[in-house]
Amino acid sequence: MKNEITYLDSASTTKTDPRVLKEMLPYFTEYFGNASSSHSFGKLANEAIEEARTQVAEIINCDNKEIIFTSGATESINMAIKGYVESNPDKGNHIITVKTEHKAVLSTCEYLETKGFEVTYLDVDKNGVILFDQLRDSVKENTSLVVIMHVNNETGIIQPIKEIGEFTRENNIAFFCDATQSVGKIKVDIEDDYVDMLCFSGHKLNGPKGIGVLYKRKNIELTPLIHGGGQEKGLRGGTYNTPLIVGLGKACEIACDELKHNIDVIEQKSKFLIQELKKIKDSFVVGNQYYRASNIIDVIVPELNSDIIISKIPFLALSNGSACTSQIIESSHVLKAMGFTDAECSQSLRISIDKTISLNQIIELVEIIQNEVKIK
Ligand SMILES: *Cc1c(COP(=O)(O)O)cnc(C)c1O
């Protein structure tokens, strides 16, 4: 019996890189000043924050003045959507999003519907990609905002954000992209992709939890979600969380430097994993392999009860991607939107890997799944 746990749930969170932690620690104890103070303690903290802002801006190729620090992607999503529609009532009250978005986006949109906004939830095809014609047909006179994610957190499926960005720009509609699963995993460039707002979170790219980013193009007007002492140009009040900001900056710097290498390593391991999974009778990976980030593999294994394998095998940390905030296990809204049945949803496993997974761990994982199927 082995006792080391194989972590296969990087899409839900990642380990803080020791280099990131090392960078953060002095800002708890030595350099603890309030970044808004004008004495030397404050100046030190402020300089560290501005350096981090530059590191963060580099990973998405924007100006450092366009970065707003938040508590995470959920806050950034709330701020972008609510802040934009509130600040731009003249542009209309119609929002377009997609059925497979993260719950933070869907819940925010549902909330706005109760406030009189109109929301269109686009369908996806069987590969999880939006239907461009449907997007085009959904645009109306009063459409002010399009919200579409980059990489899906359950399936790794990539939406064509460059084409979406070109389309929204031509039509004078703002485009907000949730890039929480893509920044640090695949190339993200706000100029190439024509996005107006974009968010991501520290803990999904080996940074600390509780810190995130909202990128906002200079010409975009937003009302703040959190009013306070004027921090972040009045857009996000509250004393700067210097250690977390420094950690996020370092995590972005490392992710930027190592992106090419990590993509190569993960692609190789992902290919091996998929090849091994194919040995399990009738199993298949969700989505087209060409439009997926290779670190997330959602596999459907007929005859498998994924809830049982997740709770039964203590040394595997896996997920079935289903929302189980309550005790009731619901089918994944992402897989349902792609046309999968409840039975198929209950047979799905989300395997999200990072570069540290070994080929042996992959072989072992597939053996365990295979055994679980045979038992039944
Ligand atoms: C994790 C995640 C979020 C939420 O991020 P938090 O930092 O936990 O708020 C939003 N969107 C996607 C796609 C995610 O994967």
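Predicted model: local features only at pLDDT ≥ 70, side-chain atom pairs only at ≥ 80, totals over all residues.

Trainee: Where does asparagine 295 lie?

Mentor: Asparagine 295 is in the loop between β9 (284–285) and β10. Residues are numbered from 1 along each chain as its sequence is written, and side-chain values use heavy atoms, with hydrogens and water left out.

Trainee: Why does asparagine 295 count as buried?

Mentor: Buried means under 20% relative accessible area, exposed means over 50%, and partly exposed is in between, with a 1.4 Å probe and protein chains only. The relative accessibility of asparagine 295 is 6%, so asparagine 295 counts as buried.

Trainee: Which residues is asparagine 295 in contact with, leaving aside its neighbours within four places in sequence?

Mentor: Its partners are Lys185, Ile266, Ile351, Ser352 and Ile353. Contact here means heavy atoms within 4.5 Å.

Trainee: What makes isoleucine 263 buried, partly exposed or exposed?

Mentor: Isoleucine 263 has 27% relative accessibility, so it counts as partly exposed. Isoleucine 263 sits in helix α8 and, neighbours within four places aside, is in contact with Lys185 and Ile186. Isoleucine 363 is 100 residues away along the chain from isoleucine 263, and their C-alpha atoms are separated by 21 Å.

Trainee: At what angle do the axes of helix α3 and helix α8 cross?

Mentor: The axes of α3 (residues 40–60) and α8 (residues 242–277) cross at roughly 35° and come within 8 Å. Axes are lines fitted to C-alpha atoms, for helices over the stretch in contact, and angles run from 0 to 180 degrees between N-to-C directions.

Trainee: What is the handedness of the crossing of α3 and α8?

Mentor: It is left-handed. That name applies if the near helix is turned anticlockwise from the far one by less than a right angle, and right-handed is used if clockwise. The residues making the contact include Ala45, Ala48 and Gln55 of α3 and Ile245, Leu248 and Gly249 of α8. By class, twelve are nonpolar, three polar and three charged.

Trainee: Why is glutamine 55 called buried?

Mentor: The relative accessible area of glutamine 55 is 13%, so the label is buried. Glutamine 55 is in helix α3 and touches Gly249, Lys250, Cys252 and Glu253, not counting residues up to four places away. Glutamine 55 and leucine 248 are 193 residues apart in sequence but 8.6 Å apart in space, C-alpha to C-alpha.

Trainee: How many disulfides does a search of the whole structure find?

Mentor: The search finds zero. Cysteine 62, for one, has its nearest cysteine sulfur, that of cysteine 252, 10 Å away. Cysteine 177 has that of cysteine 199 at 7.7 Å. Cysteine 62 is buried at 13% relative accessibility, and cysteine 177 is buried at 0%.

Trainee: What span should the twelve residues of helix α5 have?

Mentor: The expected span is 1.5 Å times one less than the number of residues. For α5 (residues 103–114) that gives 16 Å, and the end C-alpha atoms are 16 Å apart, so the two agree. Buried residues of α5 include Ala104, Leu106 and Cys109, and the buried residues of α5 pack against elements including α4 (73–87) and β3 (94–98). After α5 comes glycine 116, with a positive phi near 95°.

Trainee: How many of the 15 residues of α4 are buried?

Mentor: Eleven of them are, so α4 is described as mostly covered. Among them are Ala73, Glu75 and Tyr84.

How values were computed: Helix = DSSP H or I, 4+ residues; strand = E, 2+ residues; numbered from the N terminus. Nonpolar A, V, L, I, M, F, W, Y, C, P; charged D, E, K, R; others polar. Disulfide = S-S within 2.5 Å.
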